[in-house]
Amino acid sequence: MSEKQTESLSALMDGELDELSMRRLLNDVDSDPAMKAQWARYHLARDAIKGDSSVFAAMDISAAVSEALDQEPTSQQTTQKPWFKAFAGMSVAASVAFAVVIGARFNPLNEQPAFDAQLANKSKVEIVKPDVSTFRSPSMIAQSPDAIDGVNEQELQQAQERLNSYLKQHAQDSAIGQGRTAMPFARVVNFETSKEK
Amino acid sequence: MLRWTVTLCMLAVTWFAHADDAPAASPTAQSMYEDMLERAPYAMYEGIFIHQAGNQTQSVEIVHGTYEGAIWERLLHLDGPTREVIRRGEALYCIHPDQSVEQVQQQGSSPFGNKELGSTRQLSKAYDFRSLGKQRIAGRLVEGVQLVPKDASRHFYQLWLDQETTVPLRTELVSRKGQVLERYQFSYFMPKKEFVKARFEPRTKGVILTEADTAEVLKTTQKDVLEWRLNWIPSGFEDEAATGYAPKMSARRIYSDGIVMFSVYVEQVEKALDEGTAQSGPTVLAVQHKQWHGLTHRITVVGEIPAATAQRIAQSVELL
């Protein structure tokens, strides 16, 4: 990347480039990854300084998709087993689907059924149950030997349930008491997981 | 040239950040925090945040706004089974994965009455305010505020406040050793201009919210009433229920230092089942037993405080 190009980039950012130079520069940007990166950095820096909100600024889906496609072994050059090919193909599809999901979240309510149907079509993907163990059962990390003398399984279970209910109650009160941030509410949501067993 | 301008700016930011290392109280940080207390609850926005507690992360969709002066909020769990928490003023509903609705709080049943918690007057007894400088979170410019505990009995708290709306876009509870115990951070944040009621309706299909009977909601009220007191309370913590709904004689009390809370439960039990401390994400539990008039009493302390603090609080309970 030449000094002149860098200066042109800077001028472009400031809106001080004539149309002819701009076309030439954009062509260069397209063909030169280093310049493209530099341009992205300029935008990021400018946005950060100005405080502009650009939610997807750092997200270049087209680049990610073509990169994934590039890395995918083609049928001529690979000796890999068919199942691997199938898997590699799926990962690209999955990342594209993920991008769609992000966009779909904030669709108006009445468009929700379409989204659900889309999800339903993907029902072959196995849904892994998240590990909720830390919230479900706070484990005692220190126990007095005297205290648990003659305590049976059922009583321990009771003790566990009591601790869980105290945790939940505390989370709810914190949420109402200092409802300034959503954090305590998120805790409430987490304790809800202890209900399904 | 822009590149050098940017580099210089970065250097300046870094320098300011380091200049801030001295734990000097920052009046700017405190006023930013006060601004947040006033404005953030009444801001209108939608977004997605990640909640991280212990070894868990969950993504949650949030819709927040005000309706007829009351705060409305809807949280939808995006990971695992669908669960929702819906807040309409003081009424709080949980919708479980099996579509059952539980109303856990209703109008007028808040244990704090109309008391506003978290004033900086109370907070400044326990924390120093420090500025953490400007940052960029969820594509937006934020200002960092750190609450540095004045003693070892509590954790650090830090918030990054959106410059436009003052809503905290990242909140962290950090132990004195620097371990992040809990973090919530927006990955998508969008301020809204108008209140759209439909956005606050449950997303779980077939769920209708109704006001529950008071008796049902207040099921947590203890029957046995004990009189007790704490002989040690970390400075800055106040008995929040004293002016609210809980009577002085109660099996349970809530204390707050303005941002962090702990609850103390005292009950008479047949025998001791468990004793010690336990951790669940950022929340610690301490259980101890005391003999009083020949009867065993169990003391449970629950809160976002260090285990040693919880144990010391439990130890200091005196039955009267």
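Accessible areas were computed by the Shrake-Rupley method with a 1.4 Å probe, and for residues only the protein chains shown count as cover. On this basis chain A exposes about 12200 Å², of which carbon and sulfur atoms supply 56%. For chain B the accessible surface comes to about 13900 Å², with 53% belonging to carbon and sulfur atoms.

The model is predicted: local features need pLDDT of at least 70, side-chain atom pairs count only at pLDDT 80 or more, and totals for chains, interfaces and linings use all residues. Residues are numbered from 1 along each chain as its sequence is written, chains are lettered from A and ligands numbered from 1 in the order in which they are written, and side-chain values use heavy atoms, with hydrogens and water left out.

The model scores ipTM 0.78 and pTM 0.63. Chain B averages a pLDDT (the predictor's confidence in each residue, from 0 to 100) of 80. In that chain, 79% of the residues score at least 70. Helices (H or I, at least four residues) and strands (E, at least two) are DSSP runs, numbered from the N terminus. Among the elements of chain B, strand S8 (residues 140–149) has the highest mean pLDDT, 94. Helix H4 (residues 214–217) of chain B has the lowest, 50. Contact means heavy atoms within 4.5 Å.

Chain A holds 9 helices and 0 strands. Chain B holds 5 helices and 19 strands. Buried means under 20% relative accessible area, exposed over 50%, and partly exposed in between (1.4 Å probe, protein chains only). Buried residues make up 33% of the 197 residues in chain A and 56% of the 320 residues in chain B. Among contacts in chain A between residues at least 6 apart in sequence, 46% join residues at least 24 apart. In chain B, residues 24 or more positions apart account for 53% of the contacts with a separation of 6 or more.

A nonpolar core is a set of buried Ala, Val, Leu, Ile, Met, Phe, Trp, Tyr and Cys residues joined through side-chain atoms within 4.5 Å. The largest such core has 57 residues. Within it, B:Leu147, B:Val264 and B:Val301 touch the most other members. Helix H2 (residues 27–39) of chain B gives the most to this core, with 5 residues. At least three residues come from each of domain 1 (6–200) and domain 2 (228–319) of chain B; the domain bounds come from an automatic or database domain assignment. Another core, of 8 residues, lies apart from it, and A:Leu163, A:Tyr166, B:Ala278 and B:Val287 are among its members.

B:Arg253 is found in strand S14 (residues 252–256) of chain B. B:Arg253 is buried, with a relative accessible area of 8%. A polar atom of its side chain lies 2.7 Å from the backbone oxygen of B:Trp228.

Most residues other than glycine have a negative phi. B:Ala138 has a positive phi, near 50°. B:Ala138 lies in the loop between strand S7 (127–137) and S8 of chain B and is buried at 14% relative accessibility. Phi of B:Thr166 is also positive, near 70°. The place of B:Thr166 is the loop between strand S9 (156–162) and strand S10 (168–174) of chain B. B:Thr166 is buried, with a relative accessible area of 4%.

Technical notes:
Polar contact = N/O pair within 3.5 Å; in protein donor to acceptor, adjacent residues only side chain to side chain.
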